[in-house]
Amino acid sequence: PEQIDRLDSRLKEGGGLDILGGIPRFADAAELYHEVKPDAVSICTPHTLHFDHCCTALEAGCHVLVEKPMVTSSEHAIDLAARVTAAGKILQIGYNTPALAECRRLRDLCAGSEYGHLRVVNCSVSQLWNAPTKGTWRHNPALSGGGMIYDTGAHVLNTIISTVDEPVAEVHAFLDNRDAEVDINGTVNVRFANGTLACIAVCGESPNGATGVWNFDRASVFFDPWHGTGLRVVAFEDGK
């Protein structure tokens, strides 16, 4: 809200829309779609609003780039997928790592036999998230749907899902809200249908950083699951 107020103040000082180079602003999405008729839209609203905003954009005939997480319930995910198919449009979620060459290489290793079977994935991510987001929509579950795991942790989970590329069979989690309305710290354990196990540790009260290791029969592959930087393979033969 404060950022919007500051922008409104700058717009008034700048003589209306000139500060945006003549780009119009709309307070109502329906009016935007009617007046501008865009080919595609980028949806960057709070998490629980994504479903309705994506549906409206698809109904207006737009391709959609939506920030993560796509939606905040499995029912909405299934519904939205059906709507995308019916509309014949592209809906892309704003994750960065799957588009990187390193991540694609890691996915190929998971699918292939170069280093044997993928057995365990172990990732962690930390961020000074709690204090800076207090008082914002991210601490309001009605708008965020969840806390640090939903927000930054979603990048790590997506990287694991993208590289392992197998159906998820089971998920278990421990959450610590630290007296907040949303999760601040937590751990998540995942069992994939092919037997691969994954664990994720998320901390919203420590300096920024992320680590990840994909353990194969004959190698350990190190990869940053948040920023997508680096890909280091430590290979060995016959368990040595």
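Predicted model: local features only at pLDDT ≥ 70, side-chain atom pairs only at ≥ 80, totals over all residues.
1. The open sheet is formed by 7 strands with mixed pairing, in the order E5-E6-E7-E4-E8-E9-E10. Strand E5 (168-176) and E10 stand at the edges with a single partner strand each, so one side of each has no neighbour in the sheet. From one strand to the next, the twist averages 15 degrees.

2. H5 lies across E4, E8, E9 and E10, running at about 155 degrees to E9, while H8 lies across E4, E5, E6, E7, E8 and E9, at about 160 degrees to E4. Axes are lines fitted to C-alpha atoms, for helices over the stretch in contact (heavy atoms within 4.5 Å), and angles run from 0 to 180 degrees between N-to-C directions.

3. In helix H5 (residues 101-111), Cys 103, Leu 106, Leu 109 and Cys 110 are buried, that is, under 20% relative accessible area with a 1.4 Å probe and protein chains only. They cover an arc of only 115 degrees around the axis, which puts them on the same side of H5; the arc is that of the directions from the helix axis to the C-beta atoms. Their cover includes helix H8 (153-164) and strand E4 (118-128).

4. Residues are numbered from 1 along each chain as its sequence is written, and side-chain values use heavy atoms, with hydrogens and water left out. Local features need pLDDT of at least 70 and side-chain atom pairs count only at pLDDT 80 or more, whereas totals for chains, interfaces and linings use all residues.

Key. Buried < 20%, exposed > 50% of the residue type's maximum accessible area, 1.4 Å probe, protein only. Helix = DSSP H or I, 4+ residues; strand = E, 2+ residues; numbered from the N terminus. Pairing = 2+ DSSP bridges.
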